[in-house]
Amino acid sequence: EKNLPVGRFVNDNGVVAFSRYAGARKFYQLPISKKTKDGLKEAKYINMTDIQVASLPHALCGRDILGAAKTGSGKTLAFVIPVLEKLYRERWGPEDGVGSIIISPTRELAGQLFDVLREVGKHHNFSAGLLIGGRKGVDTEKERVNELNFLVCTPGRLLQHMDETPNFDCSQLQVLVLDEADRILDIGFKKTLNAIVSQLPKPRQTLLFSATQTKSVQDLARLSLKDPEYLGVHEES
Ligand code: ADP
Ligand code: MG
């Protein structure tokens, strides 16, 4: 641990500090809660992948991220850990409502990341809901959606709630995640995403992850991110 490189680091209060976290390679070295560390350890996550090493120190101090790394590189934990930590540090509780929205391209991918969020976040006391088309009645969801801290959604279903659910309230949103952004756009959700992003509060952190950096991903980044850190992890060729 003492051999970790020292890096420039800005903490939550905007204070520039020099910290060993900038060079951390193991999850336990990160400045995160014991609850999250225990969730990671029990799920056997010990060493970070490259995209996690590159993005977590930035995401954990509240910056917007545009992260590009190929499929299978571990992008899910690169946003699941920061969203858990953000609500934990804000002492988010049941009455605080929707604190984080995570958008995923398909029902299947949304379900997978929901499972990771639940597993790594199991020692926290947050509520999370999976809002995907065709799963169960949208009416059942409408009654509960404002009580959930984390919404994991496909774009169509989220916009449906924004349009139809009385009192749908995301005015306190802290962190927006756009996962697999290239696939969301490939499926043809550009307009849906634009409509969603235009209805979300501006003071928020946004984490955008994608396997590829296309022009449409960059357009989306311009629309949704503020002074992002660009982090690309690519294989050596
Ligand atoms: P991506 O979203 O980049 O395609 P995932 O987040 O779905 O990648 O992760 C791909 C696989 O790697 C999953 O099975 C996940 O459990 C595993 N994984 C991710 N991060 C780690 C890690 N730090 N240590 C071990 N396995 C990991
Ligand atoms: Mg993924």
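Among contacts in the protein chain between residues at least 6 apart in sequence, what percentage join residues at least 24 apart? In this predicted model, in which local features need pLDDT of at least 70, side-chain atom pairs count only at pLDDT 80 or more, and totals for chains, interfaces and linings use all residues, the share is 68%, two residues being in contact if their C-beta atoms, placed from the backbone, lie within 7 Å. Residues are numbered from 1 along each chain as its sequence is written, while chains are lettered from A and ligands numbered from 1 in the order in which they are written.

The protein chain has nine helices and nine strands, taken as DSSP runs (H or I of at least four residues for helices, E of at least two for strands) and numbered from the N terminus. Of its 237 residues, 40% are buried, that is, they have 20 or more other C-beta atoms within 10 Å of their own, against 12 or fewer for exposed residues and values in between for partly exposed ones, with C-beta atoms placed from the backbone.

Helix α3 spans residues 75-89 and includes lysine 86, which counts as buried because it has 20 C-beta neighbours inside 10 Å. Apart from neighbours within four places in sequence, lysine 86 is in contact with Gln174, Val175 and Gln205, and its C-alpha atom is separated by 9.1 Å from that of serine 100, 14 residues away along the chain.

Helix α3 also contributes the largest share of the shell around ligand 1, namely three residues. Of the 13 residues in this shell (C-beta atom, placed from the backbone, within 6 Å of the molecule), Thr71, Ser73, Gly74, Lys75 and Thr76 come nearest.
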